[in-house]
Amino acid sequence: TGYYHKATPPVINILSTTLSNPTFGDTGSFTIIFTTNQDLLNAGDEIVITFPADFDISNISLRGINSPSGIAPVISTSESSGQTIVLDISAPEPKGQFTIIFDNIINPPTVKNNQYLEIYSRLDDEGCRVDYPSPEE
């Protein structure tokens, strides 16, 4: 079942991340600009964003998305949980640049080292990351 999709990493390149308010413990917006180096071919394919553990995203909201197709993905409330936000692609999405702005993110209360934002894409029908071989391969 499903289809095969294989790519050589890096499939997603993060160009920039910006906090509107970098003060410890304060609330603000978070802008992520990244490019995809491979098309997301089917509506329902996903972009997965995992925030570092000490960011409070319990009240996160999506202010806006610019995507290569011009059709904005939407937050999947059924698949987003904990520190992970899942965006469902609404239409076939060509490779290119995305700009995503989230609001209501609370910064960590203190400096934390070695924390990373993770972004990857995955196939809806298999849950398989685009930058890994399909489980059937």
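On a 1 Å grid over the protein atoms alone, a pocket is an open set of points where a 1.4 Å probe fits, with protein on both sides within 12 Å along at least five of seven lines, and its lining residues have an atom within 4 Å of a point. This is a predicted model, in which local features need pLDDT of at least 70 and side-chain atom pairs count only at pLDDT 80 or more, while totals for linings use all residues. Residues are numbered from 1 along each chain as its sequence is written, and side-chain values use heavy atoms, without hydrogens and water.

**View 1. Lining of the largest pocket.** Residues that line this pocket include L19, F24, F55, N107, K112 and Q115. By class, the lining has seven nonpolar, four polar and one charged residues.

**View 2. The salt bridge between E46 and R122.** A salt bridge is a side-chain nitrogen of Lys or Arg within 4 Å of a carboxyl oxygen of Asp or Glu; the structure holds three. In this one, N and O lie 2.5 Å apart. E46 belongs to strand β3 and R122 to strand β8, so the pair ties together parts 76 residues apart in sequence. E46 is buried (under 20% relative accessible area), at 1%.

**View 3. The salt bridge between R122 and E79.** Here the N to O distance is 3.2 Å. E79 sits in the loop between β5 and β6. Through shared partners, salt bridges join E46, E79 and R122 into one network.

**View 4. The salt bridge between R63 and D103.** The closest N and O atoms are 2.8 Å apart. R63 in strand β4 and D103 in strand β7 are 40 residues apart.

Terms used:
Nonpolar A, V, L, I, M, F, W, Y, C, P; charged D, E, K, R; others polar. Helix = DSSP H or I, 4+ residues; strand = E, 2+ residues; numbered from the N terminus. Buried < 20%, exposed > 50% of the residue type's maximum accessible area, 1.4 Å probe, protein only.
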